[in-house]
Amino acid sequence: MNEPISKYRINEYLYNLNVWQYRKAIQLLPKILGVSLNTFHNYRKILVDDVQDIPYEKVVIMEQLFDFEPGTLARQNPNARSLRELLH
């Protein structure tokens, strides 16, 4: 069976922490993000095909906390042609 693919790389980061760091991170991250623990766990469960997204400002904060390059928390980034191309 194929394991569902998360839309965001949150678990990838958290699972690379040791047990003590993981437990502290789970307590600390919702407070830093200003969300409930349940909401944070919901963020972790969002799958690639889901229409649900994490608010942009929360994504930016997590990228900074996790030392990810901007725009790399999401597993897939949509590609679009530029507006100038579409207008011609």
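Which residue lies over the face of F68, and at what distance from the ring centre? Select R9: it sits over that ring, 4.1 Å from its centre (a charge counts as over a ring if NZ of Lys or CZ of Arg is within 6 Å of the ring centre and within 35 degrees of the ring normal).

Before moving on, a word on the model. It is predicted, so local features need pLDDT of at least 70 and side-chain atom pairs pLDDT 80 or more, while totals for chains, interfaces and linings use all residues. Residues are numbered from 1 along each chain as its sequence is written, and side-chain values use heavy atoms, without hydrogens or water.

Y13 belongs to helix α1 (residues 10–14) and F66 to the loop between α4 (56–65) and α5 (83–87), so the pair ties together parts 53 residues apart in sequence. Helices are DSSP runs (H or I, at least four residues), numbered from the N terminus. F66 is buried at 4% relative accessible area, and Y13 is partly exposed at 25% (buried is under 20%, exposed over 50%, partly exposed in between; 1.4 Å probe, protein chains only).

Next stop: α4. Its residues K58, V59, M62 and E63 are buried. They span an arc of only 135° around the axis, which puts them on the same side of α4 (the arc uses directions from the helix axis to the C-beta atoms). On the other side, find Y56 and Q64, both exposed.

How values were computed:
Helices (H or I, at least four residues) and strands (E, at least two) are DSSP runs, numbered from the N terminus.
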